2 protein chains.
Amino acid sequence: MNESLLGALRRAVGESHVLTGDDCAPFLTDWRKVATGRAVAVVRPATTEQVRDVVRACVEHGAPIVPQGGNTGQVAGATPDQSGRAVVIQLGRMNRIRSIDTDNNTLVAEAGCVLQAVQEAARAAGRLFPLSLGAEGTCMIGGNLATNAGGTQVLRYGNARELTLGLEVVTAEGEVWNGLRALRKDNTGYDLRDLYIGSEGTLGIITAAALKLFPLPAGQRTAFAATASIEQAVALLARARSVLGAELTGFELMSSVALELVPRHFPDQRLPLPTAPWFVLLESSDAESELRARDRFDVLLSAALEAGEIDDAAIAESVAQSQAFWHLRESITLAVAAEGRCAKHDISIPTSRMADFVTTTDRVLQEQFPGVRSATFGHLGDGNLHYNILQPVRQQEAAFAAVQQNLSLLVHDRVRDHGGSISAEQGIGGLRTADLQRYEDPVKIALLRRIKQALDPRGLMNPGKVLPHQSVE
Amino acid sequence: MNESLLGALRRAVGESHVLTGDDCAPFLTDWRKVATGRAVAVVRPATTEQVRDVVRACVEHGAPIVPQGGNTGQVAGATPDQSGRAVVIQLGRMNRIRSIDTDNNTLVAEAGCVLQAVQEAARAAGRLFPLSLGAEGTCMIGGNLATNAGGTQVLRYGNARELTLGLEVVTAEGEVWNGLRALRKDNTGYDLRDLYIGSEGTLGIITAAALKLFPLPAGQRTAFAATASIEQAVALLARARSVLGAELTGFELMSSVALELVPRHFPDQRLPLPTAPWFVLLESSDAESELRARDRFDVLLSAALEAGEIDDAAIAESVAQSQAFWHLRESITLAVAAEGRCAKHDISIPTSRMADFVTTTDRVLQEQFPGVRSATFGHLGDGNLHYNILQPVRQQEAAFAAVQQNLSLLVHDRVRDHGGSISAEQGIGGLRTADLQRYEDPVKIALLRRIKQALDPRGLMNPGKVLPHQSVE
C-alpha cells in the first residue's frame, strides 16, 4: 500500500523530492517541540499542478494530508499525528513571486515564499507589504494565510485576511480553484477566500495569493515608553489613535517581567529605559514626510507625559535604534522559552475591558498559584495579548506542569466572561481543539463541522486540527 | 397547509405582524421593478427569538424563506418567486442599536436598523460609521451585510465585510448562532462571519452585527474636477493616494453623459463646472485639522492641474456645497432610470487595466451598437465602475431590449478578459445567477453548491438566489 502511494508521489514530484525515513525528521516536530508525529513521506512539490497530483495520489490511497510551510506555528497545526499514515506536503519549493502590479498595488506570491521575501519584493518595487511578525525570516506566506496571521501592524493594516484579495487553492479532492483575482471588490457568490484563510490546512491547500500593497511611508518614528499601569497604557492607546489616526502603525505592550527576560537571556541586548511596571513600543508611519512624523509624534508624547499616561520615553534617533527597539520586543518569545515552563494564552478582549481583565486575573492567579510571573506582552492596539504565565522562580517544572491545565482554565474562563477569544491570532491547530469545543457556542461548532464535511468529505485534510478527530458516521 | 403555517407564524410574531393578501404588495416587488413575486405572508418579527420561531415554522411546513431589509437591492435578491409558497421575513422592526462602546470603538446594531440611523448613532457618540451609499436613508444594515455592500468610502474603510467584527445569525434550521464578538482578532475556527456576509440570505438570516467605529475626521475637503480622459483620471488616483495616503476617502468617476442626466431630470441641481469628457468627485478626511485638510488638498490639486491630470476644479467652500456635490453623484442612478432603458454592469477591473477596458469597450460598443450612450460612473478608487449603457436617443425601447442581452455578454466577456468581476458590489440575487454560472470557474461553482447544501440542507433559504434553483437530488 505505502509502496503504491510512494510510487504515485514520486511520479508527481520526482524521486528526489519525496523524503522518507530520517530525512523526514525536520518536518515531523513543531518548532516549539510540543508535538512529534510520523509520516509515510514528506513531499516537496514545486508547482500547483504537482500539489494537485500529490493530493490526488493521497485521495486515491486514503492517506491523510498535512500541509506545511515554514513550520513556525504556535499550535502544532502542521505536524502529522502518530498514525504514520500521513503525507506531509511541504510547500517551500513553491517560492516564486509570480507578478507585481504597482499601478494596481498588488502582488501575486506562491505559498512557499518566505514572508520576508514578499516584504522585500514589495519594497524593491517601491511598495509596502505590511504583514510583519517575529518569524518573518522563516515563516511562509501560505502558512500566514492558512492561520490568518496577525503580527505587529494589524491595528493599521489588518490581519493576513485583510491583506489578501484572491487565492489559488488545491481543494481536498484535488481540484484547482483559481481565485487569484486582484480586485478590491468582488461579490460573486459566497466568500470562499475567507473560508480558506484561517482554515489551517483542513479544507484545502492554499498554493498562491494575490496580496495588497501599500505606499511606503515617507517618515517613521519609534518610541519605547514606560507606564505605571495597564489602565494608563489603554489611555495612551486612545490618545495615540486620536492624535495619529491612520498613522499609528504599532502599539505593543510588555510587562516588565516579560521585557526584562530579554537582557537576562540575550545579554547583548539592553533596555532603553529604567525599570517600570509596563512598557509600550509605539510606532507611527507618516505618508507626508519625516518632519511631520517627528512633529506629530512629539505632540503625542508630550501630551501623554503631561497626562501621566507615560512616565518616561526613549525615541529612536536612527533606523538602527528603531530596529533595536523592535528586536527587544520580538525577542520576548525566545526569552520566555529560555526562562522555563510557561502557560501561554493568546487572547483578545475588547479594549474597554482589557485593564479590568489583566488586573483582576493577575490578582486571582497570585492568590491561587502564588509566585507565578505574568510575562504578558502583545498587540494592545488590537486588543490582543499573549497572556503568558511563567512558573514561579525555583519551582520544579513538574510541579508547575501539574497545575498548568487548571491555571489555563481559570484564565480562559475569565476571557470568556470578558467577551474575549481564546485564540486571537495563533489559531487552533492540534493544541487547542479541546479549548475550542469547551469555549465556543455548540451552534458554531456544528456549523464548522458541516463546513468541514462539505469541503473535505473524506476527512483527509489535516485531520485532527481545528476540529478533533471524529469517528466516521 | 397554508392555514397551519399562518397559525404558526401568528403565534410567533403576533397577528398584526403577519401580513397577507394586498398588504404584502409593497414587499413583493423590488425597487427597480424588474421582479415581482408572490408569498403566503410577509412576517415582521421584532426579536431574534421571533425570527428563530418564524424560521422553525417555515422549516416545519417546508415553506421557502425570503429575508428582506429595506428592499433597495439592485439584483432582486429579496423578492420571492412566483410559486406563492414563500414567507417573506421583513426585518424592519428589529431596529435597535443594542450598545455602543466608544472605548472599544464598536457598536451593535440589529439587522433592521436603517443605515442612516447607524451612522447617526455613531456620530452622536462622537464616532464615524463609514458605510455610505445612495440608499442610506432606506436600506437596512442587515441587507448591507447580506450583500456585502460597498458604496463611496470603500477605498479608505473597506466594504461592509471589513466593517464587521461579529454577527448574530438565525441559521437555516432555526438555531441562533451568537457570534456578536466585538474583537479585532479572533482565530477560533472557520470564518463563519464572512461566509454569512455576502450570502444574500441564502444560508441564514443575519439578525444583528458588531460593527467597527472610527474617529470623526477633524477636517474634510471635497472637490469636483474635470478631466480629459479616463487615463488622466487613473493618474490622478495614483497621485491622490500618494499625496493623501489614508486621508483619501472618496474618489468617484462620472462620464459627462452620466452626470449631465442629473440636471436634465432634476432641474434644481446644477453642475459646478462646464462640460468635459469625465468628472471626478474627490474627498479627503484629515485626522489632524481642517487647516491641514485644506493644505494637503491644495497640494494635490495644484500638482494635478500642472500635470494635466485635471483641467478645472471646484472646491466645496461649505458643508452645504460639499453635500450638493455628493448629491449630484448620488442622483445619477435615479437620473439614468428616468432617461430610459439601460444595460447595467457592476464591474470591477484591476486599476492598472481600467483605462484600457473602458476605452476599447466603449469603441467596440459604438461599432456594434451605434448610438448607445456610456453613462458610466462609480468608485474608480476601488476599481469598481457601474458601466451602464443607455439606449440610443430616439431608439424604441423594444429595439434596445432586443439587443441588450448580446450587449451585456460583450461587456462581461471583456470584463473577464481584463481579469475583472461581473458583480463588484451588488451581488448576484435573482438577476445574475446565469452570469455567475457563465463566468465563474466550475470548481468554484461546485464549492458554492457544497456550502449551500451544508448550511441549508433543505434548500429553503432564499431559493433561486445566488445559485439557480436545482432539482432535488
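Reader: How much area is buried between chain A and chain B?

Author: About 6,200 Å² is buried between chain A and chain B, and carbon and sulfur atoms give 54% of that; buried area here is the accessible area, taken with a 1.4 Å probe, that two parts lose on being put together, summed over both. This is a predicted model, in which local features need pLDDT of at least 70 and side-chain atom pairs count only at pLDDT 80 or more, while totals for chains, interfaces and linings use all residues. Residues are numbered from 1 along each chain as its sequence is written, chains are lettered from A and ligands numbered from 1 in the order in which they are written, and side-chain values use heavy atoms, with hydrogens and water left out.

Reader: Which three residues supply more than any others of the area that chain A buries?

Author: K185(A), N187(A) and Y190(A) supply 17% of the area that chain A buries against chain B, more than any other three residues. The contact, meaning heavy atoms within 4.5 Å, takes 81 residues from chain A and 80 residues from chain B.

Reader: And how many salt bridges between chain A and chain B?

Author: There are 14 salt bridges between the two chains, a salt bridge being a side-chain nitrogen of Lys or Arg within 4 Å of a carboxyl oxygen of Asp or Glu. One of them pairs D191(A) with R161(B), whose closest N and O atoms are 2.9 Å apart.

Reader: Which element gives the largest share of the side of chain A that touches chain B?

Author: That is α15(A), with nine residues. Several other elements of chain A each supply at least two residues to that side, including α7 (230–244), α12 (351–368) and α14 (433–439). Helices are DSSP runs of H or I with at least four residues, strands are runs of E with at least two, and both are numbered from the N terminus.

Reader: Switching to sheets: in what order do the seven strands of the open sheet in chain A come?

Author: The order is β15-β12-β14-β13-β19-β20-β17, with antiparallel pairing; two strands pair if DSSP finds at least two bridges between them. The edges are β15 (312–315) and β17 (346–348) of chain A, each of which pairs on one side only, and the twist from one strand to the next averages 20 degrees.

Reader: How many bridges join β17(A) to β20?

Author: Three bridges join β17(A) to β20 (residues 384–386) of chain A, and the two strands run antiparallel; D346(A) has H386(A) as its bridge partner in β20(A).

Reader: What does helix α9 of chain A lie across?

Author: Helix α9 (residues 290–306) of chain A lies across β12 (219–227), β14 (278–286) and β15 of chain A, running at about 15 degrees to β12(A). Axes are lines fitted to C-alpha atoms, for helices over the stretch in contact, and angles run from 0 to 180 degrees between N-to-C directions. Helix α10 (residues 319–330) of chain A also packs on the sheet, and its direction makes about 50 degrees with that of β12(A).

Reader: I was looking at H412(A); buried or exposed?

Author: H412(A) has a relative accessible area of 4% and is therefore buried, where buried means under 20%, exposed over 50% and partly exposed in between (1.4 Å probe, protein chains only). H412(A) sits in helix α13 (residues 397–417) of chain A, and beyond its neighbours within four places in sequence it is in contact with H345(A), I347(A), I422(A), D435(A) and Y439(A).

Reader: And what does S408(A) touch?

Author: S408(A), which also lies in helix α13 of chain A, touches A343(A) and H345(A), not counting residues up to four places away in sequence. At 16% relative accessibility, S408(A) counts as buried.

Reader: What is the phi of R394(A)?

Author: Phi of R394(A) is near 70 degrees, a positive value in a residue other than glycine. Most residues other than glycine have a negative phi. R394(A) lies in the loop between β21 (389–390) and α13 of chain A and counts as exposed, at 79% relative accessibility.

Reader: Over in chain B, where is N462(B) found?

Author: N462(B) is found in the segment after α15 (442–455) of chain B. Its phi is also positive, near 45 degrees, but N462(B) counts as buried, at 1% relative accessibility.
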